[in-house]
Amino acid sequence: MTMAPLPLLRIVFLKKPSLRRMSVSSIKAAQLWFTRLKHRANDMASLIAFSFSPFSSFNTQLIVRRRPNEVNNDDNVVLNIAQWPGSKVGSGGFVWDGARRLALHLEQHGDGCGANSHTKAIASRQLQSLSVLELGSGTGAAGLAAAALGARSVTITDQASFCFKRKPLSAESDSLLDLMRLNVCANDHLLETKPQVAEFLWGENSHMAKLPPLGDIITERHTEYNHYDIICGTDILLFVDATAALVKSLRHLSCPSTVVVIEHTDRSNCSVTYPSDLLKFFAAIQEDGLWSATVVRDEGRNITIRMVRRQTGDDTNSMRVRTSTCH
């Protein structure tokens with residue numbers, strides 16, 4: 001479904017609906033309200049867990065199913081993810097629900113998406129032949145899931161400091177990079193490929209140029225930067241001051257076949273319009289003119305965006321929005 005640029009409304013009601021349609025709309029509105037309430041409760045529970053352990057480390061688990069369509073699956077991978085307290089590395093040291101949702105999307109849909117009422121499913125390419133770059137990895141959980149699923153190359157990245165453009169930490173300080181390395185080592189025996197850990201401050205040319213090589217993967221290169229098949233991230237749109245730097249990074253680290261998957265959490269109080277951080281990102285990518293973005297899941301407070309490079313003849317002012325969920 002093609003809509004006008006910068007879609008503000010997530011639910012469209014007819015001007016003169018019939019009684020039946022009004023009833024259906026009311027039911028859907030009530031379902032949406034309860035879904036958002038459930039998501040808010042989950043977010044609050046995660047926040048409480050994060051807040052009550054500001055000075056201690058603890059582990060969590062992430063279960064990855066390599067064959068998700070099989071009922072009796074004995075090939076599950078249980079990743080043990082270390083989490084560090086906020087006093088040490090900020091909020092990035094915690095496995096938030098968004099990281100679990102991104103891992104689940106990669107597990108079920110790869111770089112494609114599920115079917116909904118508007119569009120047929122988009123099949124994923126074989127992950128075994130693809131390179132994956134995760135932005136704002138934090139603990140590295142989603143990138144580790146991609147490695148467990150068999151991606152040919154995985155690079156997980158974050159800042160050394162947990163404040164955008166803050167001065168680097170001293171050599172004695174632990175950072176999210178250290179946490180990611182710890183989690184890679186702890187799960188190395190469970191992974192199909194070993195993720196590479198790299199510092200990456202979005203938009204910085206020197207950081208993009210220093211990202212680790214992709215090994216024997218043949219990629220299309222027109223610049224000194226790597227080009228990745230999949231670029232993904234969780235809740236990376238929350239940092240609105242970094243939106244321009246994020247869009248610049250997506251441009252330089254992608255090629256015509258790159259797919260971007262972003263898992264976003266709507267932390268606003270409105271269920272009718274998209275949150276301001278997402279709208280700012282939509283505006284930025286439209287101004288950039290390189291991407292065609294699709295909301296492939298919009299369920300309560302959980303939003304999944306899939307982006308591909310625009311093709312010749314695409315309407316540069318269009319954005320596709322789907323209001324039903326992936327299945």
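I begin with a term: a polar contact is a pair of N or O atoms within 3.5 Å; within protein, one must be able to donate a hydrogen and the other to accept it, and residues adjacent in sequence count only if both atoms are side-chain atoms. This is a predicted model, in which local features need pLDDT of at least 70 and side-chain atom pairs count only at pLDDT 80 or more, while totals for chains, interfaces and linings use all residues. Residues are numbered from 1 along each chain as its sequence is written, and side-chain values use heavy atoms, with hydrogens and water left out.

Let us turn to Asn 226. Its side chain reaches the backbone oxygen of Pro 212 at 2.7 Å, and a polar contact of 3.0 Å joins it to the side chain of Tyr 228. Asn 226 sits in the loop between helix 6 (205-209) and strand 7 (230-234); helices (H or I, at least four residues) and strands (E, at least two) are DSSP runs, numbered from the N terminus. Is Asn 226 buried or exposed? Asn 226 is buried, with a relative accessible area of 4%, where buried means under 20%, exposed over 50%, and partly exposed in between (1.4 Å probe, protein chains only).

Buried residues make up 50% of its 327 residues.

Next, the salt bridges, each a side-chain nitrogen of Lys or Arg within 4 Å of a carboxyl oxygen of Asp or Glu. Side chains of opposite charge can pair when their charged atoms come close. How many salt bridges does the structure hold? The structure holds nine.

One of them pairs Arg 65 with Glu 107, the closest N and O atoms being 2.8 Å apart. Arg 65 lies in strand 2 (residues 58-65) and Glu 107 in helix 3 (residues 97-109), so the pair ties together parts that are 42 residues apart in sequence. Arg 65 is partly exposed at 27% relative accessible area, whereas Glu 107 is buried at 9%.

Another salt bridge joins Arg 125 and Asp 111 (2.6 Å, N to O). Both residues belong to the loop between helix 3 and strand 4 (131-135), 14 residues apart. Arg 125 is partly exposed, at 30%, and Asp 111 is buried, at 2%.

Finally, Glu 299 and Arg 297 meet in a salt bridge of 3.5 Å, N to O. Salt bridges that share partners join Arg 101, Glu 263, Arg 297 and Glu 299 into one network.
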